[in-house]
Amino acid sequence: MKYVLMFCETEQWEKDWEAMDDTAREQGFARVQAWLSEYGDQILHNRKLAGGDTATTVRLDAAGGPLVTDGPFVEGKEIVSGYVEVEVADLDEALAMARTWPGCPLVEIRPVLM
């Protein structure tokens, strides 16, 4: 089965990341690279996304037609910052991968529809 693991940053995680010194940040990047390498044979695609401040949102349920606004969802406290598409046996295997993610503190998992 194919799943997308979406990595979400929280406001607090972003503040903590910014407060790190260069060495700690480099160690964080190294842990992410090691994770990507460990699961490389199961990862079909992966990308880091531009910051939430670059997002554009289209609200299709707005009165008077679609409403286009800058930024992510206003009420959102978490921002999707990257993703991997994986091919695994089942949801349990995707969950096992997500549990070991060394980056931001939230991973959303969704099956990919065929």
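**Aromatic pairs and sheet architecture**

Tyr39 is buried in the predicted model, with a relative accessible area of 11%. Trp35 is likewise buried, at a relative accessible area of 3%. For Trp17, the value is 14%, which also places this residue in the buried class because the limit is 20%.

Six aromatic pairs were found in a search of the whole structure. One of them joins Trp13 and Trp17, whose rings are stacked, with 5.4 Å from centre to centre and 10° between the planes. Both residues belong to helix H1 (residues 11–19), where they are four residues apart, or about one turn of the helix. Trp35 and Tyr39 form a tilted pair, with a centre-to-centre distance of 5.1 Å and 55° between the planes. Through ring pairs, Trp35 and Tyr39 are linked with Phe7 and Trp101 into a cluster. The ring of Trp17 also has a charged group over it: the charged end of Arg25 sits 5.9 Å from the ring centre.

The secondary structure of the chain consists of three helices and six strands, which follow one another along the sequence in the pattern β-α-α-β-β-β-β-α-β. Four strands make up an open sheet with antiparallel pairing, in the order E2-E5-E1-E6. Strands E2 (43–48) and E6 (106–111) stand at the edges; each has a single partner strand, so one side of each is left without a neighbour in the sheet. From one strand to the next, the twist averages 20°.

The pairing of E2 with strand E5 (residues 78–87) is antiparallel and extends over five bridges. Within this pairing, Ile43 has Val86 of E5 as its bridge partner. Helix H2 (residues 22–38) packs on the sheet and touches strand E1 (2–10) as well as E2 and E5. The direction of H2 makes about 160° with that of E2.

For the chain as a whole, 25% of the 114 residues count as buried. The accessible surface comes to about 7800 Å², and carbon and sulfur atoms account for 55% of this area. Among contacts between residues at least 6 apart in sequence, 73% join residues at least 24 apart. Taken along the principal axes, the box filled by the C-alpha atoms is roughly 50 × 40 × 20 Å.

Conventions. Residues are numbered from 1 along each chain as its sequence is written. This is a predicted model: local features need pLDDT of at least 70, side-chain atom pairs count only at pLDDT 80 or more; totals for chains, interfaces and linings use all residues. Side-chain values use heavy atoms; hydrogens and water are left out. Rings of Phe, Tyr and Trp (its six-membered ring) pair if their centres lie within 6.5 Å; planes under 30 degrees apart count as stacked, over 60 as edge-to-face and the rest as tilted. Helices (H or I, at least four residues) and strands (E, at least two) are DSSP runs, numbered from the N terminus. Buried means under 20% relative accessible area, exposed over 50%, partly exposed in between (1.4 Å probe, protein chains only). A charge sits over a ring if NZ of Lys or CZ of Arg is within 6 Å of the ring centre and within 35 degrees of the ring normal. Two strands pair if DSSP finds at least two bridges between them. Axes are lines fitted to C-alpha atoms, for helices over the stretch in contact, and angles run from 0 to 180 degrees between N-to-C directions. Contact means heavy atoms within 4.5 Å. Accessible areas come from the Shrake-Rupley method with a 1.4 Å probe; for residues, only the protein chains shown count as cover.
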